[in-house]
Amino acid sequence: MINITPEELELELARRVEVERIKDKSNYLRGTLVQSLQDPLTGALAEDDTQLSKYHGIYQQDDRDLRDERRKQKLEPHFQFLVRIRVPGGVCTPTQWLEVDRIANTWCNNSIRLTTRQAYQLHGIVKRNLKVTIAAINGALMDTIAACGDVNRNVMSTANPEQSRLHTEVYEYARCLNEYLTPRTTAYHEIWLDEKLLSTTRQDEEPIYGKHYLPRKFKIALAIPPSNDVDLFANDLGFIAIVEDGQLLGFNVTVGGGLSMTHGETETYPRLADVIGYCPKNKTLQVAEEIVKIQRDFGDRTNRKHARFKYTIDDRGTDWLKIELNNRLGWTIDPPRAFTFEHSGDRYGWVEGIDDHWHHTLFIPNGRIVDTEAYPVMTGLREIAKVHEGDFRLTANQNLVIGQVSSKQKPVIDALLKKYQLLGAEQLTALRLNAMACVAFPTCGLAMAESERYLPSLIDKLDIILKETGLENEPILIRMTGCPNGCARSSLGEIGFIGKAPGKYNLYLGAGFHGQRLNKLYRENINEEQIIAELGPILHRYSREREAGERLGDFVIRTGYVKAVLAGKNFHS
């Protein structure tokens, strides 16, 4: 970190936002979490500890469906907690799946949420069960540290099983990056596992993050062209695999992606990452470390809404970033190498891989693993995990790959998929198969409108139009978030919805099909009736006038519905 005197640091802290002062006095993320967990008079954590708990993978929430009734009864909100489990590259074992299932049905709300960052989310945990839940997660050789907070989050890697050998190698880089950038504080083990770590490699020095960690969250993804299933350009830092004759040579490096913004504040905006160069694969960790340190040292700590890496880059320029990076590396990254992305979706059903192994990608509506009468997916996957000898891969599109299935075991898995009604993705419209929604109500405190609970019914109505126009098999990216924070990457939907108020959404159009272009505001603050009235004519015209191979996002730009967004700063113009 840039060297400053204690006096200068004190003056600097006075300028910073409150979260920075909380970090400063937290003793490396300890705060008073132990005391908060032991306080029997409230279901909540102390105010400062709610911020620190994020670094441990925890968000304090309350059931917003119950707020008014509890207020009338003069009760505090029904506090509960979200716990996020890191799954580097999205890969876990069947044993780990079974343990997450057990935890979800013991201390949570009997469901598992697969996130757009290839992580597990568990909801509905009350404070008295937090410690036992996290201990059980660690007992399954997983963890929640750095799943949230101003640090590097879960590192993503392409889950596309069509290139399994390459996937394995790239996944290893994701796993190594995830471990390398994990905070070194021993607070996590002390608070949640009652352990005192004595290893000299795990002391509270934080050689990468420093005492104050990063100004804001940081996200990393790795992709193997032609698949951009991780939406790589939405990440602060990305690595695009460069392959020659089937061998991984290195990575193109991308910087400055991020989709969150604030309604009505045009100085905040989504931004896609820039490709700044190429590095050999053996330099990947060094490049990642120095880029993280650049954001640590130059990111804005006085304004949370201006604290992401994308603003650091826009304020100073990519040329400045490359000079700073090369100086820190002690060598110069090469110019980018050629690559092509062709799609950003998942491949449903069975796909044959290498070494006599198969992979089955299962459609999980909005990533929610919960039993319904029509779709007993939680029970079905539990029974599959009991016999499965391969792995599970959480995709960045909220779906699940049952991976590494041998030809001998494939009929066994297939029979269980049929028994529990988990097949049939081919019977759904391509719009539904390419849909994503964030959680929103009732648990997310930032939600302004429904998302997960509403998008399926909206797609029911849009499906009618698609079948009228013959577009039911045409892949269209549709994404919805209950607020502008972008958890379901709504700014990258060919059709995107961002919640404004209960039942009201901003409608965006025109994103690139393989994640290379943001969408643009088309209509503001409209309800379902208006949404159908706006999209119906566009879809009818698209079916009549589209050119060969033309995607909806390209069509709406060519025909003048919206203008192409070529830079994040132009998103609101």
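The following legends describe close-up views of a predicted model.

Local features are reported at pLDDT of at least 70 and side-chain atom pairs only at pLDDT 80 or more, while totals for chains, interfaces and linings use all residues. Residues are numbered from 1 along each chain as its sequence is written, and side-chain values use heavy atoms, with hydrogens and water left out.

View A. Helices (H or I, at least four residues) and strands (E, at least two) are DSSP runs, numbered from the N terminus. In H13, residues 377–387, the buried positions are Val377, Met378, Gly380, Leu381, Ile384 and Ala385. Buried means under 20% relative accessible area, exposed over 50%, and partly exposed in between (1.4 Å probe, protein chains only).

**View B. The span of helix H6 agrees with expectation.** At 1.5 Å a residue, the 14 residues of H6 (residues 94–107) should span 20 Å, and the end C-alpha atoms are 20 Å apart. The expected span is 1.5 Å times one less than the number of residues. Among the buried residues of H6 are Trp97, Val100, Ile103 and Trp107.

**View C. Lys520 is buried and has no salt bridge.** Lys520 belongs to strand S20, residues 520–526. The nearest side chain of opposite charge, that of Glu524, is 12 Å away. Here Lys and Arg count as positive and Asp and Glu as negative, whereas His and the chain ends are not counted. A salt bridge is a side-chain nitrogen of Lys or Arg within 4 Å of a carboxyl oxygen of Asp or Glu. A polar atom of the Lys520 side chain lies 2.8 Å from the backbone oxygen of Asn570, and the backbone oxygen of Ser573 is 2.5 Å from a polar atom of that side chain.

View D. Pro442 is in the loop between strand S16 (435–437) and helix H16 (455–469).

**View E. Gln421 has a positive phi although it is not a glycine.** Its phi is about 60°. Gln421 is found in the loop between helices H14 (410–419) and H15 (430–433). At 43% relative accessibility, Gln421 counts as partly exposed.

Key
A polar contact is a pair of N or O atoms within 3.5 Å; within protein, one must be able to donate a hydrogen and the other to accept it, and residues adjacent in sequence count only if both atoms are side-chain atoms.
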